[in-house]
Amino acid sequence: MLLDSNKIASHNADLLKSHTNKLVFTTSEIGETENIIQKLIDFQIAIPSWALGTGGTRFGRFPGGGEPRSLEEKIEDVGLLHALNNASGAISLHIPWDIPTDYQAIKNLASQHGLKFDAVNSNTFQDQTNQEYTYKYGSLQNVNKAIRKQAIAHNIEVIQQGIALGSESLTVWLADGSCFPGQLNFRKAYQNTLESLEEIYAALPSNWKMYLEYKSNEPNFYSTTVADWGQSYSYVKKLGDKAFTLVDLGHHLPNANIEQIVAILLMEGKLGGFHFNDSKYGDDDLTAGAMKPYQLFLIFNELVEGMDARGMNHAKDLGWMIDASHNVKDPLEDLLQSVEAIMIAYAQALLVDRKALEKAQNENDVVKAQEILQNAFRTDVRALVAEARLRSGAALNPVALYRDFSVRQELIKERGTNTVATGL
Ligand code: LRH
Ligand code: MN
C-alpha cells in the first residue's frame, strides 16, 4: 500500500499553524536549533522485518489483521513507515524468516521505498525442517563439532545473502547456554563459541561488521554463553577490528546501568549498535521509551558525548535498529512510536550543555550536573522532531495520519484478517 504525498501534504497543511507556534516557542527556549534539526533529518533507524506482525507470547497471540504475507509486503510496510516519518530508511532481515527469492527484485522494491538493508540476522536458535542436526543443546557452543559446523555454515550463508542485498553487517545472537547447573562446561562452551565465531569472522568481507548480541537469560534459564556486555566484549576483542558488541536494551539483568555499559563500550571502540525497545521485567520487547524514557535519554547522552569524543558520525558510525514484538498494539503504530521516542531522546541529548556539565563534574557540583541533564530531559523537543519530518517531506504527526487514512483497514482489505507474518 503506497501512501501518496498528497495525503501527507494535506495532513501537514491542517497541522501547520499549531506546529509553527510550538516550533517558534521551542526555538525561543532553546536558541540554536538548526544543527539539531539537521541531525534528526540525517538519523535513520532500521526496522526489524520480524516485528511487522503481532508476535504474541507462549500464552497467546491476537493477530490484528492485514499482516504482511511475504518479504515484499514487509518491505512495503517499512516503506510506509518511512513515508510517514522519513526516519525508518532501512530494514533488518532475519534469516531464514525472510529469505529473498529474487534478490534483484527485492533490492529494486526496497530502493523504490527509499530503503537500505541494515544488518542481517542469523538464526541458530530454532531448528529448520530440513536441518540435519538440532540446536536443542546449542549451536556454536555445542559439544558436537558437526553441529557447530552446521551453525557456522548457516552464518556464512547469511553473510552471502546479505552481500547480495547490499547489507554490510551480520548480527549474531546465540540462545546457547544451559538450563541446569552441571549441564554445561562453561570454559569449553566459551572456547567452542570463540572458535566457531572465528570461522564466521574469517568469512566477513573487508567492509563488513559483525555484531555480537548478548542476553542475560531466555531461552536458557541457568547460563547463557554470551550473557552480558563483558562476555560479548571478551569475544569481540579477540575476534578483531570488524567485531563489535550489540546492546539490546531488554537483555540486561534488573537495574543494570545500561548507559554506563554504553559509555565504556564506546570508549573502547567496541560498541557496534543497538536493538532499541523497552521493558519493565524481562526481555519484554516493548515500545522504546514506553517504560524508562529517562534511561533512553541517559543512553543517548552517553552516545552524543562518547561519539563526539571519538569524532564519530552520529548517523552512520553505529547500528541503529529496533527490536520489538507486539501483543496488543498495531505493529506499525508501535514502531512509529518507538522511532519517535528514540528521536526525542536523541534531540534532548543534543541539548545538553556539555561544557557546563563538564565544569559541574570537575567541581563535584552534583546538583548542578543533575540540573543540566534533567533540564534537557524536561525540554519538550517534539516540535523539532516534527520539523525534521516536515522538512524531509514526511508527516507532522505520523500516527494521526496513519489513523486518519485508515491504513490498517486498507491493509486488511488488501491482505485479509488472518494473515500471519513470519518472525516473532
Ligand atoms: C533475542 C533477540 C535477537 C533476535 C531475536 C528476534 O531475544 O533480541 O536480537 O534475533 O530477538
Ligand atoms: Mn535483539
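Which spacing do the donors of the manganese ion (ligand 2) follow along the chain? They follow E-x34-D-x26-H-x47-D.

1. Basis. This is a predicted model, where local features need pLDDT of at least 70, side-chain atom pairs count only at pLDDT 80 or more, and totals for chains, interfaces and linings use all residues. Side-chain values use heavy atoms, leaving out hydrogens and water.

2. Metal site. E213 (OE), D248 (OD), H275 (ND1) and D323 (OD) coordinate the manganese ion (ligand 2) at 2.1 to 2.2 Å. Donors here are N, O and S atoms within 2.8 Å of the metal (3.2 Å for Na, K and Ca); water is not among the atoms, so sites may look incomplete.

3. Geometry. The site of the manganese ion (ligand 2) has 6 donor atoms, with angles of 72 to 169°, and is octahedral. For six donors, that term requires opposite donors over 155 degrees apart and all others between 65 and 115. Ideal octahedral angles are 90 or 180 degrees.

4. Ligand 1 shell. Residues around ligand 1 include W50, F125, W173, K215 and L424; the criterion is a heavy atom within 4 Å. E213, D248, H275 and D323 also belong to this shell. By class, the shell has 4 nonpolar, 3 polar and 5 charged residues.

5. Polar contacts. These are pairs of N or O atoms within 3.5 Å. Polar side-chain atoms lie close to oxygen atoms of ligand 1: D323 at 2.7 Å, H94 at 2.8 Å and H251 at 3.1 Å. Taken alone, ligand 1 exposes 290 Å², and the protein buries 96% of that (Shrake-Rupley method, 1.4 Å probe).

Key:
Residues are numbered from 1 along each chain as its sequence is written. Chains are lettered from A and ligands numbered from 1 in the order in which they are written. A polar contact is a pair of N or O atoms within 3.5 Å; within protein, one must be able to donate a hydrogen and the other to accept it, and residues adjacent in sequence count only if both atoms are side-chain atoms. Ala, Val, Leu, Ile, Met, Phe, Trp, Tyr, Cys and Pro count as nonpolar, Asp, Glu, Lys and Arg as charged, and the others, Gly among them, as polar. Four donors count as tetrahedral if all angles lie between 85 and 135 degrees; four count as square planar and six as octahedral if opposite donors are over 155 degrees apart and all others between 65 and 115; anything else is irregular.
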